[in-house]
Amino acid sequence: MTRRIAIVGGGVGGTVLANRLADELAEEIDAGEVEVSLVTDSPEHVYKPVFLYVAFGMRDVADGVRPLDQLLDRRVRLRIAHVQQIDTDAKRIERDDGATLDYDYLVVTTGAELAPETVPGLVEGAHHYYSPDGATALRDALAEFTEGRIVLGVVGMPHMCPVAPLEFVFIADAWFGERGLGEDVSITYTYPADRAHSLDAIADWAEPRLADRGIETVTSFEVASVAPDERIVTATDGERLDYDLFVTIPPHRGDPLIARSGLGDEGWIDVDQHTLEAERADDVYAFGDNADLPTSKAGSAAHYEASVVAKRLASRVRGRTPTAVYSGKTLCFVEAGLDEATYVSLDYETQPDLPEPSRTIHWAKLAYNESYWLTARGLL
Ligand SMILES: Cc1cc2nc3c(=O)[nH]c(=O)nc-3n(C[C@H](O)[C@H](O)[C@H](O)COP(=O)(O)OP(=O)(O)OC[C@H]3O[C@@H](n4cnc5c(N)ncnc54)[C@H](O)[C@@H]3O)c2cc1C
């Protein structure tokens, strides 16, 4: 009997997993004993870290987009459709075109979506670089900006790439300086927690660096609303900041499919943090941004998690007890200006220890961004 593995979501996690499974289970797939299907709502695969560079005119959106069918092993059956519902009792995926797909094992990797409309004035009043259109519009706004106050406000947590807001302000500071506008442009960084970052080790690294560069930091600032006409952003405690350009990290949420399918109440899927098995349904795994895990919503985490799920699924279809577990491992490079970077390496037990920023690490980040396409293919 053929065992059917279905993956929903063709982003970082789903694509790496599909390719890892195709590799691990090549013999079984070729013998018709296992079938791996990837159902996702776009024929294009998007590598979001490129958006940070798009905002400063250093990359194009197209640099982060490739046809998914060119990245997938030929053993993976790709189906382009939006998944509307998952019936975890019947083990059936329902697509919005009415078609269904039955599975024996399911993996949900639908990522996180942006929800700027949940904060009054944010859609009209703020720029962001968390989507292709957002990054492109911000690029045009930054290119025209020659004087005044830029406020970068982190609105909701958790959000994708927890270090991306710090990267933005450090790059912006160096970028305006290089253009001779350092004296005319001021930058303010706001964060909802009581430090510059929710992880102490990152806050310890970032706070003196922000101060050195004259980047004003406002902590415990929970954005309540934005008034685009007055150019004022107001926090829940009534504190107000005026701005000339407001850049935000918008609130995030999980796909509504998660709540509809009974996999989690808060928009994220409840999973075991080591096995990545869903807590509310049998034979369902979830990882990447849509999983409620005590680690970063980062492509790096999704990459390591994909390896674990591939190994566990391979064990299960072979009738063996799965032993692979996820340790919380994440490794993210952090741009600290235009030509220097550091990195954050952590797991569930270990706080990161950020090395002194260097040109070498900056080039390592750029090199990783290029080699990402090999990672997506499951080769790295
Ligand atoms: C500006 C920016 C910079 C970043 N920088 C870094 C970085 O430097 N390092 C790092 O590690 N991470 C970084 N990230 C985060 C990283 O991009 C995400 O953590 C990663 O993409 C998560 O992978 P995922 O597979 O969980 O979700 P995604 O890659 O978002 O993929 C989810 C997929 O599921 C599809 N989908 C969703 N719902 C459905 C549905 N109902 N039916 C069918 N398909 C569906 C989506 O279309 C998408 O293709 C950054 C993110 C941003 C926005």
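Predicted model: local features only at pLDDT ≥ 70, side-chain atom pairs only at ≥ 80, totals over all residues.
Two notes on the numbers. Local features need pLDDT of at least 70, and side-chain atom pairs count only at pLDDT 80 or more, while totals for chains, interfaces and linings use all residues. Residues are numbered from 1 along each chain as its sequence is written, and side-chain values use heavy atoms, with hydrogens and water left out.

I begin with the domains. The assignment, which is automatic or from a database, gives domain 1 (3-111 + 255-329) and domain 2 (115-251). Taken over C-alpha atoms, their centres are 31 Å apart. Domain 1 puts 13 residues into the contact and domain 2 puts in 19 residues, where contact means heavy atoms within 4.5 Å.

Next, the helix pair. Helices here are DSSP runs of H or I with at least four residues, strands are runs of E with at least two, and both are numbered from the N terminus. Two packed helices are described by the angle between their axes and the distance between the axes. How do helix H1 and helix H11 cross? The axes of H1 (residues 12-24) and H11 (residues 359-376) come within 8 Å and cross at roughly 50°. The axes are lines fitted to C-alpha atoms over the stretch in contact, and angles run from 0 to 180 degrees between N-to-C directions. Under 35 degrees counts as roughly parallel, over 145 as roughly antiparallel, 65 to 115 as roughly perpendicular and the rest as oblique. H1 and H11 are therefore oblique to each other. On the H1 side, Val12, Thr15, Val16 and Asn19 meet Tyr372, Thr375 and Ala376 of H11. That contact has four nonpolar, three polar and no charged residues. In this scheme Ala, Val, Leu, Ile, Met, Phe, Trp, Tyr, Cys and Pro are nonpolar, Asp, Glu, Lys and Arg are charged, and the others, Gly among them, are polar.

Now the spaces. On a 1 Å grid over the protein atoms alone, a cavity is a set of points where a 1.4 Å probe fits but cannot get out; a pocket is an open set with protein on both sides within 12 Å along at least five of seven lines; lining residues have an atom within 4 Å of a point. Points are joined across faces, edges and corners, and a volume is the space filled by probe spheres set on them.

The second largest pocket has a volume of about 410 Å³. It is lined by 22 residues, and the closest to its centre are Pro162, Ser198, Thr295, Ser296 and Lys297. Strands S21 (291-292), S22 (330-335) and S23 (341-346) each give two or more residues to the lining. Domain 1 and domain 2 each supply at least three lining residues. By class, the lining has 14 nonpolar, six polar and two charged residues.

How many cavities of 30 Å³ or more are there? The count is one. The largest cavity has a volume of about 60 Å³, and its lining includes Asp289, Thr295, Lys297 and Glu305. Helix H10 (residues 299-317) gives the most to that lining, with three residues.

Last, the loops. Pro322 sits between H10 and S22 and touches Arg312, Ser315 and Arg316, leaving aside residues up to four places away in sequence. The peptide bond from Met157 to Pro158 is cis, with omega near 5°. Pro158 is in the loop between strand S11 (148-154) and helix H7 (164-178). Ser220 has a positive phi, near 50°, and is not a glycine.
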